Every structure is written in structure tokens, then in C-alpha cells.
Amino acid sequence: MATKVYIEDLSKHAGGSVTLQGWLYNLRSSGKIKFLLLRDGTGICQGVVVKSVVGDEIFNRAGEMTQESSFKMSGTIRAEQRAPGGYEMDVTNVEIISIAKEYPITPKEHGVEFLADRRHLWLRSSRQHAIMRIRHEIIRSIREFFDGRGFTLLDAPIFTPAACEGTSTLFETEYFDLGKAYLTQSGQLYGEAGAMALGKVYVFGPTFRAEKSKTRRHLTEFWMVEPEVAFNDLNDNMDLAEEFLEHIVTSVLKNRMQELNALERNVKVLEAVKRPLPRISYDQAVEILHKNGVEFEWGNDLGAPDETVISQQFDRPVMVHRYPSAIKAFYMKRDPNNDKLALAVDVLAPEGYGEIIGGSQREDDYDVLLERLKEHNLPQEAFDWYLDLRRFGSVPHSGFGMGIERTVSWICGLEHIRETIPFPRMIYRLTP
RNA sequence: UCCGCGGUAGCUCAAUGGCAGAGCACGUGACUGUUAAUCACGGGGUUGUAGGUUCGAGCCCUACCCGCGGAGCCA
């Protein structure tokens with residue numbers, strides 16, 4: 001048996017004799033010559049099986065395989081201009097591992113429900129493969145960004161005793177003798193505790209929202225990365241966010257161009273993501289809406305169609321800051337120059353992908369924060385530990401949260417968020 | 001929760017109230033350069049469920065089930 005190699009490393013083995021292991025992506029036959037497309041998770045390579053070269057037994061064996069049968073093929077690697085990957089194999093031997101039953105996902109069109117029901121198989125398709133590789137690159141670059149800047153990863157709990165923004169959107173479960181527990185909808189409050197301990201932290205994990213949303217932008221379970229930095233004000237926070245986004249997009253362009261091409265993504269849009277990102281106030285955003293003929297009343301939150309209109313004015317993500325405090329969370333600090341505004345910032349992705357980042361400078365004054373809790377009718381006991389952060393050496397601090405799946409959706413240019421995560425959880429989907 | 005669209009072969013979809021169809025997939029055969037290969041032949045159906053109108057319903061009506069998209073909410 002020749003050396004076992006992966007398809008992504010084939011360029012190092014040109015002219016060499018190797019073995020590939022994988023699954024049959026497709027088979028084309030022309031009488032005395034067969035073309036086997038082997039998929040191994042790193043790429044797809046075509047093996048050319050010629051009857052007069054391998055003999056009847058191996059030739060017929062190759063023809064027995066069905067789509068997604070697992071097998072090994074050995075032979076010589078040759079540069080081939082016609083091959084999508086640049087190389088193909090002149091096969092000398094084929095070894096079947098397992099013949100697949102009739103595979104439901106053919107290289108033709110399928111409907112959404114059909115594919116979603118077979119998500120565990122759908123992941124094998126080249127398009128899903130490309131998305132998962134880009135998702136991984138995004139996550140890798142996120143960790144690289146923070147790890148390279150002195151941040152400490154702080155894992156927040158998933159079971160929480162109370163809501164951080166009200167209970168209506170929380171998944172609830174029984175927790176032994178301690179009553180109800182909720183699945184976290186954000187690790188932020190714990191991130192703030194971490195920032196007071198370690199200065200610069202990031203929380204990275206799954207979050208849960210029981211919103212009955214049924215759109216292409218919503219999951220009930222999604223991943224969020226949430227940096228929190230002591231002594232950062234709102235401007236520092238925006239500086240961090242734009243440097244962060246630039247780093248992620250640059251990394252994907254550098255390391256996953258092949259996958260972006262497989263998705264037919266227009267990379268010009270991504271190449272434009274360079275600092276500085278435009279920063280506009282909520283007031284300016286409202287002006288833009290009015291100029292574009294959108295009826296919008298100051299004080300309302302921006303809806304998805306409003307965000308699209310605003311983002312279409314720019315060629316890169318846009319930061320909208322200083323929203324009306326009435327529509328923002330209790331922990332956001334008010335603007336000292338205008339009590340009606342919160343020191344909040346949302347980053348809107350281009351092309352109508354909407355909000356991918358939401359953040360703020362946090363309220364650091366004990367008395368003000370206590371007042372906000374009361375205004376929002378939140379139970380003070382549940383937040384006593386959080387108030388401690390203001391009792392014992394409170395400092396200005398800021399942070400933001402970025403939704404991984406919306407970011408993947410935008411960078412990949414996808415129609416629907418369900419393709420951005422291996423096994424999506426949505427209001428009407430819990431399987432597979 | 002509300003609004004809109006849809007459900008016909010394994011898949012994607014056609015079918016003026018009048019014989020249930022095509023492409024792909026699958027099976028058999030042909031083919032030494034195929035790229036979602038091509039060509040020939042073949043097997044494949046309780047038209048989402050229940051009722052109603054009609055000489056006759058995939059098509060019209062009622063209810064329900066399921067799916068998709070959007071709004072609100074949010075990342």
C-alpha cells in the first residue's frame with residue numbers, strides 16, 4: 001500500500017504513487033474508462049480507471065460502487081489542467097470499504113425541508129463543506145485576534161438563575177431543588193466580572209433565545225463571542241470592533257479563498273472591509289431613513305428593513321451609536337451629554353445582512369444601575385452579585401457581542417442562516 | 001402570535017373541472033477524457049388528511065395537519 005495522503009496535499013505528491021481514502025462523490029463511465037470522484041473531507045480528486053491498465057477485476061469493482069460508498073484508491077498523481085483541483089490520479093487499484101445504500105441527496109436540486117431533514121448527510125455536499133470550513137476559519141481568527149492581544153478566554157455558564165434582559169425569551173428548565181434555571185442568552189454579565197478580574201476577557205459559547213422568530217436571520221441556539229474590556233469607553237469599544245472585523249474578514253480572504261469561490265461569493269465586497277468603518281449616530285441614521293423616504297419616528301428601534309436601507313449607503317459595515325436609552329438594555333450607560341441616549345453601538349453588515357454586533361459602554365455607577373434594575377422590573381436579588389462589581393472598585397468598561405452565524409452568513413453571502421451551523425436549531429426544527 | 005405562498009413519482013416540478021406527465025435518481029445496455037457526462041430501453045402514483053359541490057375534482061368550497069417566506073423580537 002502506497003503512502004496515505006489527503007487531497008489538499010496532492011501538490012506535494014505530483015508524480016508520486018499514493019493512496020487516497022474517502023467517499024464516492026460521483027462516478028462517470030465511458031465503457032472502458034471510468035472516472036471516480038473521491039471526496040476525503042479536504043477536497044475532491046478524480047481518479048481515472050482504465051480497463052486496459054487495471055484489468056477486468058479492478059475495473060468492474062470500481063463500477064459496483066454507489067454514490068457515497070467508502071473506498072480507497074491508489075495510483076500516480078499527475079498535474080491535470082482540466083481538473084478543478086489541478087491534480088488527478090491514474091488509478092492502479094481500488095479497494096471498497098463499504099457499499100452505500102441508495103443515497104438520497106443527488107447532485108441535483110433539492111428542497112429546503114428535504115435537505116434539512118438530512119442535515120447529517122447534507123454536510124457532505126461541497127457547498128456545505130465550504131461553509132463549514134469558512135465557519136471554522138472565522139472562529140479560528142476570532143481566537144487568534146483576542147489571544148494575540150492579551151485577552152483571557154472566560155467561559156460563562158450556560159445554566160443561569162435569571163434573565164439578563166427579561167424572561168420572555170428564555171428557555172426554562174427545572175434545576176433540582178433550586179427551582180427554575182434558564183439557558184443563557186448572553187455571557188456578558190459574567191464577562192464583566194471577568195474583566196474586573198483579568199482586565200481583558202472574551203466569552204465564547206452557545207446562547208439560547210426562545211423568540212418565536214421565523215426568519216432567515218434567526219436560530220434558537222447560536223454562538224456568540226463577547227469581549228469585555230476594563231477602562232474602555234464607547235470609542236475604544238468601536239475601535240476594537242472595527243479592528244476585530246477587519247481581522248476576521250482578512251483571515252478568511254487569505255486562507256479560504258477556494259471556499260469563497262466555491263460559494264460564488266463576490267469577494268470585492270469583503271475586500272472593502274478595511275478600517276476605518278463609518279460611524280454614524282442614531283440621529284444620523286434616522287436622517288438617512290427620512291432622506292430615503294422611510295417613515296420612521298425618532299425613539300423607535302431600527303427594524304430589519306430600516307437597517308437594510310442604512311447599510312446600503314455604505315460599502316462596508318457601518319457602526320450606529322448612541323441609540324435612545326429607552327429601547328436599550330438596563331446595563332448600558334447613558335450618554336453624559338444627553339440622558340435620552342445610551343452609549344450603545346450596533347454594527348450593521350452590508351448587503352442587508354443586518355446587525356452582526358451589538359455592544360455598549362456599561363453603567364458603572366452603583367446607584368444608577370440599581371435605579372435601572374427597578375425601572376426594568378428586574379429582581380434585585382438575582383443581580384446582587386452583578387451589583388458587587390460596582391460596589392468593589394468599579395471602573396468604566398465596555399464590550400460587545402458578535403453573532404457567529406450571522407457573521408458566517410454575511411461573509412459567505414448565504415440566503416439563510418440555517419446553513420451556517422452544523423445542526424441548526426430553529427422554532428420548528430430540533431432534528432437531526 | 002399575525003400576514004402571505006405552497007403540499008402531485010425517491011427528488012425538482014408540469015397538468016383549461018374531462019386518459020396521472022416530464023427531467024433527474026434507480027435498473028439494463030452502448031461508449032477510452034467525462035466535469036450535474038451523453039444516448040437507448042425499463043420499473044416506478046392512496047395528488048398532505050377528512051368532508052363537501054359536480055355526470056366527472058390534482059384543480060372549486062370548508063376544516064385541519066405540515067412546510068416555506070415575511071413582520072414583531074433580536075445576534
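How many cavities of 30 Å³ or more does a search of the whole structure find? I found two. I worked on a 1 Å grid over the protein atoms alone, where a cavity is a set of points at which a 1.4 Å probe fits but cannot get out, and a pocket is an open set with protein on both sides within 12 Å along at least five of seven lines; lining residues have an atom within 4 Å of a point. Grid points are joined across faces, edges and corners, and a volume is the space filled by probe spheres set on the points.

I note that this is a predicted model, in which local features need pLDDT of at least 70 and side-chain atom pairs count only at pLDDT 80 or more, while totals for chains, interfaces and linings use all residues. Residues are numbered from 1 along each chain as its sequence is written, chains are lettered from A and ligands numbered from 1 in the order in which they are written, and side-chain values use heavy atoms, with hydrogens and water left out.

**Second largest cavity**

I read a volume of about 40 Å³ for the second largest cavity. Its lining includes Lys328, Phe330, Arg334, Arg372 and His376.

**Second largest pocket**

I looked up the second largest pocket and found a volume of about 940 Å³. Of its 36 lining residues, Gly43, Ile44, Pro84, Gly85 and Gln258 lie nearest the centre. Elements giving two or more residues to this lining include strand E2 (17-29), strand E4 (44-50) and helix H5 (126-147); H5 provides the largest share, five residues. Helices (H or I, at least four residues) and strands (E, at least two) are DSSP runs, numbered from the N terminus. Domain 1 (3-98) and domain 2 (119-419) each give at least three residues to the lining of this pocket; the bounds come from an automatic or database domain assignment.

**RNA strand B**

Serine 30 places a backbone N or O atom 3.3 Å from a phosphate oxygen of RNA strand B. At isoleucine 357, a polar backbone atom lies 3.4 Å from a sugar or linking oxygen.

Technical notes. Polar contact = N/O pair within 3.5 Å; in protein donor to acceptor, adjacent residues only side chain to side chain.
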